[in-house]
Amino acid sequence: MGILEVFSYFLNPQFILIVFFGALTGLMVGAIPGLSVTMATALLVSVTYTWQTSNALAMIMGVYVVGVFSGAISAILINIPGAPASVVTTLDGYPLAKQGRAYTALKYATVYSFVGSIFSFILLWAMARPISAIALKFTPMDYFLLALFGLTTVGSLTAKSFAKGLISATVGLAVSMIGMDSVMGTPRLTLGISDLKSGVAIVPVLVGLFGMAEVLTVIAEGGVDGQILKIEKEVIKMKDILKHVFKSLYYCTLGTLIGALPGAGGPVASFIAYSQATKLEKNPSVPFGEGAVEGIVASESANNAVIGGALIPLLTLAIPGDAVTAIILSVFYVHGLQPGPMFIKTNPAMFSAILAGGLLACIFLLFLGLVVAPRISKLIAVPKKILLPIVVVLCVIGSFAGNNRMFDVLLMIVFGVIGFFMRRYGYSIASMTLAIVLGGMMDANFRRAVSLAASEDDKLMALFGRPISLILLVLTVITIAMNIPAVKKMLQKIKRA
Amino acid sequence: MKENVFRQEGVKKELIQCLLFSGAGIGLMIYSLYYHGNAGIEWVMSPYLFPLLISIFLILLAVGLLAEVHHLAKAESTKKGATNAQISPKIEWKKLSITLSMIIIYYFAMPMIGFLISGFLFLVGMFWLLGERRIWLIALLAVGTPLILYGVFHELLHVMLP
């Protein structure tokens, strides 16, 4: 897979156009509170079902890259983050906009989202091969433990309570068990419903958990529409904007590393980068929280750098880094592709398509952020009473389109209600999504590992004796132990002492 | 006084969740053991091995959640803790129930009267429910949206519609 193959997509007008449409969609869904990148990606899985895989990936990369950025637009203009990753951007973006400098805030957000995205794609390019080489040495038990480690970290980072995070993941695993068992061909947990024999289709579940649940939550909680600030054009020298670029590379590195960790994602990355910025910047333009551009630089560099980071474990180990990459994984499955250590070798064209789509989306991000974003403030103000019913119709189309079954629409509604209650009571939807996507793989690998170990004399050694297995097991145990309240308390006591 | 009621309600809700998940875990365990027994194969090959492990985890986690609830109740007695009921915004249950009912009616109506008409009726109802009162706008959006979606998805993208 050479650089030329990636850049060959830059000469393909259809590919470019699809990425552009994806980017435009990403700009809208990211900027409008109530719509999310995850929701849009979930809907796109069914729309792009019949497309060529490279085109489907192009569209999704456009939505993903620009959608993560555009959450900053509403964060800056109405103090409501369009995406969870932009929460930290509100801290300085909105105060800056209130001072009449919304244009400056948007420009900084655009440039550093671009820097973050480009950085992470370069790192993806550089790191994917070495990680794939390591992943080739993984045994079935290693895959099982890796997925388990992923679920525990997601559980610890995405829910208010660790127990609830893990319960979400466990329920997700149970849902993934529904249907025909892949090894013995026995139907499991179908409750006599013939439509469930083929398993719970992932697309309606995702559309329900992210789309319908969001609609129900906003309606039930009576969503708040913020007041939009005016944008007055300012002259800002590029030299001034780019003087933060070296520090932003540090935030990008943090973002990419955090992105590669399953479950952490944009919100955690931007928060950590922001707290680092408050320590690194001794003399910010204005104090942090009052409109410091340094805060926007940190938040936006880090949250966009998560994208490439989240794609690294997805492509090399088939372990998604966040909810969007979990949906991208389902795109691979829908199109008959199997990510993992051999993916880059066996599907170099798809890897190139992802990189090309991502890089093109970065360029569109810069264009849309600088030219279109300051002009779409009126669109952000689409009242939710208009938006939400249309989203419901889109959810119906999205859930039906995959298999052309009304049962999937019902499934979407059921999971929408489940998602609503999960949000309401602090259960992590991301954990559940990841578990549903990974459940089948975990089951198959676990049983394979146990079957292989059954013929060995020392079964425990056969299961956990290898260095990779041992490291993963220790990491999982540490993650669980560190999140037990009693252990947490004890550690705090030791720290104080 | 009102705050105290909220706290108690929060603990009660968490307790119900513990019971719900332990019940689900026990149910899954019984299911796995029963069907494994009927299958008559070794555990290592059994399709019910992983569901059994999931059920054990679920029960353990429900116990873990119970410990958290205990901690919460303790904090409540010292008035230090904050419960979900306090943090979560108030829910408009009536609006939510009507929305869900309309979605379910929409679901059943679709195969009977088709995507376009059911979509029109659903959108009119929803716009009205959510507070839109401009008739011309409701009519325009309720007619236009299903038509545009039909054009884009069915005609342009060749996506099957209900």
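Colleague: At what angle do helix α8 (residues 202-221) of chain A and helix α18 (residues 406-424) of chain A pack, and how far apart are their axes?

Modeller: In this predicted model, the two helices pack at an angle of about 55°, and their axes are 6 Å apart.

Colleague: Why are α8(A) and α18(A) called oblique to each other?

Modeller: Angles under 35 degrees count as roughly parallel and those from 65 to 115 as roughly perpendicular; the angle here is about 55°, and α8(A) and α18(A) are therefore oblique to each other. As for handedness, α8(A) passes α18(A) in a right-handed crossing.

Colleague: Which residues of α8(A) and α18(A) meet, and how do they divide by class?

Modeller: From α8(A) the contact includes A:Val205, A:Leu209, A:Met212, A:Leu216 and A:Ala220, and from α18(A) it includes A:Leu411, A:Phe415, A:Val417 and A:Phe420. The residues of this contact divide into 15 nonpolar, four polar and three charged, with A:Glu214, A:Asp408 and A:Arg423 among those that meet.

Colleague: What makes α18(A) and helix α4 (residues 93-113) of chain B roughly antiparallel?

Modeller: Angles over 145 degrees count as roughly antiparallel; α18(A) and α4(B) pack at about 170°, with their axes 10 Å apart, and they are therefore roughly antiparallel to each other. The contact is made by residues including A:Phe407, A:Leu410, A:Ile413 and A:Phe421 of α18(A) and B:Trp93, B:Tyr107 and B:Met110 of α4(B). By class, the residues of this contact are 15 nonpolar, no polar and no charged.

Colleague: How does α8(A) pack against α4(B), and which residues make the contact?

Modeller: The angle between α8(A) and α4(B) is about 145°, their axes lie 9 Å apart, and the crossing is right-handed. On the α8(A) side the contact is made by A:Met212, A:Leu216, A:Ile219 and A:Ala220, and on the α4(B) side by B:Lys95, B:Leu96, B:Thr99, B:Leu100 and B:Ile103; by class there are seven nonpolar, one polar and one charged.

Colleague: Why is the pair of B:Glu132 and A:Lys385 called a salt bridge?

Modeller: The cut-off is a side-chain nitrogen of Lys or Arg within 4 Å of a carboxyl oxygen of Asp or Glu, and the N to O distance between these side chains is 3.8 Å, so the pair counts as a salt bridge. The count between chain A and chain B is two, whereas over all chains the structure holds 12.

Colleague: How do you know that the salt bridge of A:Asp181 with A:Arg447 links distant parts of the chain?

Modeller: The closest N and O atoms are 2.8 Å apart, yet the two residues are 266 residues apart, A:Asp181 being in the loop between β1 (179-180) and β2 (187-188) of chain A and A:Arg447 in helix α19 (residues 429-454) of chain A.

Terms used:
Residues are numbered from 1 along each chain as its sequence is written. Chains are lettered from A and ligands numbered from 1 in the order in which they are written. This is a predicted model: local features need pLDDT of at least 70, side-chain atom pairs count only at pLDDT 80 or more; totals for chains, interfaces and linings use all residues. Side-chain values use heavy atoms; hydrogens and water are left out. Axes are lines fitted to C-alpha atoms, for helices over the stretch in contact, and angles run from 0 to 180 degrees between N-to-C directions. Helices (H or I, at least four residues) and strands (E, at least two) are DSSP runs, numbered from the N terminus. A crossing is left-handed if the near helix is turned anticlockwise from the far one by less than a right angle, and right-handed if clockwise. Contact means heavy atoms within 4.5 Å. Ala, Val, Leu, Ile, Met, Phe, Trp, Tyr, Cys and Pro count as nonpolar, Asp, Glu, Lys and Arg as charged, and the others, Gly among them, as polar.
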